Structure formats: C-alpha cells, structure tokens
Amino acid sequence: MATIKYRVLLAAMACAQTVNAAEPFASNSPWALGDWNGARSSLAEQGIDFEFSYVGEIGSNLGGGYNNNRSARYSDQYSLGARFDLDKLLGWHDARFQLTVADRNGDNISNDRIGDPRVGTLSSSQEVWGRGSHWRMTQMYYQQAFFDRRLDIKAGRFGEGEDFNSFDCNFQNLTFCGSQVGNWGGIWYNWPITQWALRVKYAISPELYAQIGVYEQNPSNTESRNGFKLSGSGTKGAVLPVEIVWRPRLGGLPGEYRAGYYYSSADSKDVLHDSNGRPAVISGAAYRSASSKHGLWLGATQQVTHKTGDASRGLSLFVMATAHDKKTSKVDHYVSVGAVYKGLFAARPKDDIGLAVSEVHVNPGYRKNAALTNLVNGVGDYDDPEYLPVQETEYNAELNYGLHVTDWLTVRPNLQYVRHPGGVKQVDDAWVGGLKVQATF
C-alpha cells in the first residue's frame, strides 16, 4: 500500500512540470476534460489509467410501426472506470486489475411505438437502452499473462461479450451492435450485467488464438436491485463458451474471423411441448424441461480497400450469425451483413459511413405455441386485447454517418428501417430516425 501511495505522489509531482498537456475540450485530445494539467498521463505512466465515457441515443418514429403518433425517446449510459497496471504499481509482471461501474437511463422508442406492446420488438432501435435505469458494477476482474503473454487468464466479474462473440458498437440498432448471442440466446448477459467468471486465452500464433470461459448463469443478476450483488445466490448453472479467433492481414489489410460454441448447464423450458411430447398449452401440463442449452456463432470483419498513403481509410465488410437450440429458444437464428467506409471524404478522414441489414428469425415451435394459445383462449382477432401476436421474422436496416467532431466526440445520425416489427406481420413497417452521441471524458 505504501508503494502505491509513493508512486501516486510521484505522478502528482511530475504533472506539475508538464507544459504541453491537452487542454479541456481541445479537438485533438482523447478526453473532453483534457489531461488534468498532465496529471492523467502521469498517473497512467505510474499504472493508474482512468476511463470516463458517455453514450446517448435518441430514437423517433418517423412513420409506420404499431403506433404512428410521432414521438421521440432518449436513453443514455455513463461508465466510470479505472485500469490498474499491477506491474508498474506492485511489480507483478503482466498483471492488471479493472474496475468499472455503469449507469443507464431513459426510454426506448421500440417499446410502445415501433412494436406491439403485447410482444415488443425482437431488436431495439436504441441499443443502449435496457437492464433498468440505475447504477451497476460492470467490471471487477484480475487479469494475468504468462509465457511472454501467450497465455492470458482473466477472473472476477465481467460479461461474456467482452471476450466472446465480440463486435464493435458503431451502429444504433441492436442487431448491429456488440455480442449478438446475448441478444437471442436467453442465458448470455451482455454489458452492463456482470457475473462471476473465468476466461482462459492462449495465443497459438501471433494471428490466431483460442479461448474458453466459465460464467455463472444467474438470472437474479439482471434484477434492478442487484446492480452491486456479489453473492452467488440464485445461480442456476454455468455458461461455457469456447471460441477460436483469427486476425490476419490479408493483402496488408486487417481482418478478424470468429467461430464459437456455447453450452449452458442450467435447466431450460421447452417452447412448445410437455413431458409427453404434446403441446403443453393443449394438454394443460407443464412445459417439459431440458437439462442444457447450446448454440453457436460465426463472425467476420475484413477491410477490403484503402486509400493510398493512409491505410486507416477504406471499406470494411462484416457478417455475423448465430444459431440456437430450437427446443428452448425463442429465436433460432440471426444473421446480419454490413459495410463501413472510413474516410470517404479527404477533408473528413476520420468520419465513417455505415450500412447494414439483419434478419431475426423466431423458432417455429415458439410461433406454434402462440397460435395454439390463441386457439385455446378462443381468440382469433388481432385487435382483441387478449390476442397473443404470432411472431415470425423481423428485418432491420440502418444507414448512419459517424461525424468525428473531435478526438473525444463522435455524433452519429442514422436512419433505420424495421420490417415486421417484432416479427408480427400485422404491424406496419417502421422508419426510425436516430442520433447517437459517443464521448470520452
């Protein structure tokens, strides 16, 4: 402890002599609040790196949807964190500790305007919305590397999507943002949910690595009152993902290719049948239980062009797909394709433009169960409040432009199109206007 205090004191003394530190709100600074007169960089050199970020999203229904009365919704997220380099602080070689808390707020235009509130939408036009409006501890883990960093072990509280099925979040529609298994698998919790976990990664070569994880499957971690829960009470089982990741430079241009599989040891409920194989809604018996659940994913991102003299500019293509257990999953598969062009205009080399489309397909068994529920209840009219909408396939598309205002601020206006919101054909196709703001402080 004395060593840490001594190093922090040295950093504070050093910052007083820094004359070229980034000023607050400088366009070329990575932080809106600047370098704190040099203190921030000095602390990072000593092993303490602070992280403050903000994401805000606005969604407005421009036409169509379940309720075409014009409105707008706002949602946001603040995250505060610190990374501690334990090699610099304590002399622990290749070790670090991460602590992050996040706060989400607001509403989502998809909930009551785009989708039928009886079933909602499958995706979300404001990806940052969800998991309640409150603070959560999102990361608290220790990470240690061995054998010249070929073996990397991470243990503590964190989410699956940080390491497995990972994807950048430069779109506002949920189907193009972050780990997609967490959106459709039902047992995989993305940011800001956290659980006890262990992840082991091994670099087979500089371009290829494999990893495996064990994550606590605890639905109680999603409850609003458990944002800082540390106990394992409520645990139902474990999620075990495995993945292989290849990061080549094809033609000198970067790419990333992922293939993975997950297995859940927790009991899961069948979407249609009872223990005798009959539709449970017809027999009146309980839905049968499965002792496990599984699924897989594929993902690829590849830069395919570049501007002469500036490899950071050019066109990148991506595709993502997931498949899930048909006995127990509402969504049996998802796929998306898209393109992002960075630096389209010479005067705006850091701006980007993105276009993507996706399909979210509802399991036929889940769909049949809804239809049988209406039959048993004697309801056949979609406009009847007791009718359970039958969900099939939802399609999403987004076109956006990322305006790189400063090195710490990106503003991303976007236009989204949702065909069959919620997979319900009776709901009009919808147009959504969005605005995403990303900032680091």
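Biologist: Why does N37 count as exposed?
Modeller: N37 has a relative accessibility of 53%, and a residue is called exposed over 50% relative accessible area, buried under 20% and partly exposed in between, with a 1.4 Å probe and protein chains only, so N37 counts as exposed. Please keep in mind that this is a predicted model, in which local features need pLDDT of at least 70 and side-chain atom pairs count only at pLDDT 80 or more, while totals for chains, interfaces and linings use all residues. Residues are numbered from 1 along each chain as its sequence is written, and side-chain values use heavy atoms, with hydrogens and water left out.

Biologist: Where is N37 placed, and what is its phi?
Modeller: N37 sits in the loop between α1 (2-15) and α2, where helices (H or I, at least four residues) and strands (E, at least two) are DSSP runs numbered from the N terminus. Although N37 is not a glycine, its phi is positive, at about 60 degrees.

Biologist: Is D94 buried or exposed, and how do you know?
Modeller: The relative accessibility of D94 is 13%, so D94 counts as buried. D94 is not a glycine either, yet it has a positive phi of about 55 degrees, and its place is in the loop between α3 (86-90) and β3 (95-106).

Biologist: What makes R225 exposed?
Modeller: R225 has a relative accessible area of 70%, so it is called exposed. R225 lies in the loop between β7 and β8, and its C-alpha is 9.4 Å from that of R136, although 89 residues separate the two in sequence.

Biologist: What makes the nonpolar surface patch, and which elements contribute to it?
Modeller: The patch of about 610 Å² is made by L198, I212, V214, L240, V242, Y261, Y263 and L296. The elements giving it two or more residues are β7 (208-217), β8 (237-246) and β10 (253-264). Patch residues must have over 30% relative accessible area and no salt bridge, with nonpolar side chains (Val, Leu, Ile, Met, Phe, Trp, Tyr) joined within 5 Å and like charges within 9 Å; a salt bridge is a side-chain nitrogen of Lys or Arg within 4 Å of a carboxyl oxygen of Asp or Glu, and the areas come from the Shrake-Rupley method with a 1.4 Å probe, only the protein chains shown counting as cover for residues. I212, for instance, is found in strand β7 and has a relative accessible area of 42%, so it is partly exposed.

Biologist: How do you know on which side of α2 the buried residues lie?
Modeller: In helix α2 (residues 39-46) the buried residues are A39, R40, S42, L43 and Q46. They cover an arc of only 165 degrees around the axis, which puts them on the same side of α2, the arc being that of the directions from the helix axis to the C-beta atoms. After α2 comes G47, whose phi is positive, near 115 degrees.
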